[in-house]
Amino acid sequence: MVPVPRKHPLPEREIQIGRRLSELRKKFWCSRSYMARGAGIDRAAIVRIELGRSPLKYKAARAILRFLNAHPVWVATGHGDAQPGVPLPL
């Protein structure tokens, strides 16, 4: 079977954001389920974001960035440090 191409694929920029979030999650040996509980969002949403099937929405991004203590500029562009120098309070 040949996979059917998506009718409206995500832009490459959105796919890269999902990959960076996945990379950071794996750096902490954190499962998707654990991250979903910690960020207060659905596990299926995290799967869709990381696999490039769904764009990262603002509300989910805010929760995930706070949970992972990730720098928003790094997640968006890949430039700079993945985490800020000072941890954010939860």
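Biologist: Arginine 25: buried or exposed?
Modeller: Buried. Arginine 25 has a relative accessible area of 7%. Buried means under 20% relative accessible area, exposed over 50%, and partly exposed in between, using a 1.4 Å probe and protein chains only.

Biologist: What sort of model is this?
Modeller: A predicted model, where local features need pLDDT of at least 70, side-chain atom pairs count only at pLDDT 80 or more, and totals for chains, interfaces and linings use all residues. Residues are numbered from 1 along each chain as its sequence is written, and side-chain values use heavy atoms, with hydrogens and water left out.

Biologist: Where is arginine 25 found?
Modeller: In helix H1. Helices (H or I, at least four residues) and strands (E, at least two) are DSSP runs, numbered from the N terminus.

Biologist: What does arginine 25 touch?
Modeller: Leaving out residues up to four places away in sequence, arginine 25 touches Cys30, Ser31, Arg32, Met35, Glu50 and Leu68. Contact means heavy atoms within 4.5 Å.

Biologist: Which side chain meets arginine 25 in a salt bridge?
Modeller: Glutamate 50, at 2.7 Å, N to O. Arginine 25 sits in helix H1 and glutamate 50 in helix H3, so the pair ties together parts that are 25 residues apart in sequence. For a salt bridge, a side-chain nitrogen of Lys or Arg lies within 4 Å of a carboxyl oxygen of Asp or Glu.

Biologist: And glutamate 50, buried or exposed?
Modeller: Buried, with a relative accessible area of 7%.

Biologist: How many salt bridges does the whole structure have?
Modeller: The search finds 4. One of them pairs arginine 19 with glutamate 12 at 3.7 Å, N to O. Arginine 19 is partly exposed at 47% relative accessibility. Glutamate 12 is partly exposed too, at 46%.

Biologist: What does arginine 13 pair with?
Modeller: Glutamate 14. Their closest N and O atoms are 3.8 Å apart. Arginine 13 is exposed, at 53% relative accessibility. Glutamate 14 is buried, at 17%.

Biologist: Back to H3. Which of its residues are buried?
Modeller: H3 covers residues 43-50, and its buried residues are Ala45, Ile46, Val47, Ile49 and Glu50. They pack against helix H1 (12-27), helix H2 (32-39) and helix H4 (58-68).

Biologist: What comes just after H3?
Modeller: Glycine 52, which takes a positive phi of about 75 degrees.

Biologist: Zoom out. How many helices and strands?
Modeller: The chain has 5 helices and 0 strands. Along the sequence the pattern reads α-α-α-α-α. Of its 90 residues, 37% count as buried.

Biologist: What about the accessible surface?
Modeller: It comes to about 6,400 Å², with 59% belonging to carbon and sulfur atoms. Accessible areas come from the Shrake-Rupley method with a 1.4 Å probe; for residues, only the protein chains shown count as cover.

Biologist: Which residues touch the most other members in the largest nonpolar core?
Modeller: Leu21, Leu56, Ile64, Leu68 and Val75, out of 20 residues in that core. Two or more residues each come from H1, H2, H3, H4 and helix H5 (72-77). H4 gives the largest share, 6 residues. A nonpolar core is a set of buried Ala, Val, Leu, Ile, Met, Phe, Trp, Tyr and Cys residues joined through side-chain atoms within 4.5 Å.

Biologist: What does valine 75 touch?
Modeller: Ile17, Arg20, Leu21, Leu65 and Ala70, not counting residues up to four places away in sequence.
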